[in-house]
Amino acid sequence: MSDKDNKGSMTVAEAGRKGGETVRNERGREFYETIGRKGGATVKAERGRSFYEEIGRKGGETVKAERGAKFYEEIGKKGGDRVKATRGPNFYEEIGRKGGQKVKKLIEEGKRAARAAMDAQAAAGGAAPQEGAAAPAAPVATPEPTTPSGNE
């Protein structure tokens, strides 16, 4: 084919871009957000959460190989500065407090579960160690006294 025969034709990429712009103009940006969420939910249902974890890890490794670990430091700093500018420094205090409360709650739940497991084991006839009881300590070897060399 000569150039004359290709006049007026476009590449697949150009056609896709043109079609996408037309749909965006007719239906709006929200349309793409909606179909993206639906597509993501379908993929998650078919492949599971681990699929996203895997492709995220692979993508992160690729970016790290191309741009270096320093890139993540820079974008993290930019993101943190942006959050601080939009929400204020008190935001970090608030989420830190919430995070601490969540950790405290998880620790308490873990302790309750451990107590329940120990109670269940004791009820089943197993010897459960008492709460707060320490395991017997291993003997500690004491080092032999030494004298500095040359001063004997």
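This is a predicted model: local features need pLDDT of at least 70, side-chain atom pairs count only at pLDDT 80 or more; totals for chains, interfaces and linings use all residues.

Let's begin in helix α3, which covers residues 49–67. Here Glu-53 pairs with Arg-49, and their closest N and O atoms are 3.0 Å apart. The two residues are four apart along the helix, or about one turn. How open are they? Arg-49 counts as exposed because its relative accessibility is 60%, over the 50% cut-off. Glu-53, at 47%, is partly exposed.

Stay in helix α3 for the next pair. Lys-58 and Glu-54 join their side chains in a salt bridge, with 3.1 Å from N to O. Again the spacing is four residues, so about one helical turn separates Lys-58 from Glu-54. Lys-58 is partly exposed at 42% relative accessibility, and Glu-54 is partly exposed too, at 36%.

Now move on to helix α4, residues 69–87. Lys-77 forms a salt bridge with Asp-81, and 3.1 Å lies between the closest N and O atoms. These residues are also four apart, about one turn of the helix. Lys-77 is exposed, with a relative accessibility of 55%, while Asp-81 is partly exposed at 39%.

To place these pairs in the whole protein, picture five helices and zero strands, following one another as α-α-α-α-α. Of the 152 residues, 3% count as buried.

Technical notes: Residues are numbered from 1 along each chain as its sequence is written. Side-chain values use heavy atoms; hydrogens and water are left out. Buried means under 20% relative accessible area, exposed over 50%, partly exposed in between (1.4 Å probe, protein chains only). A salt bridge is a side-chain nitrogen of Lys or Arg within 4 Å of a carboxyl oxygen of Asp or Glu.
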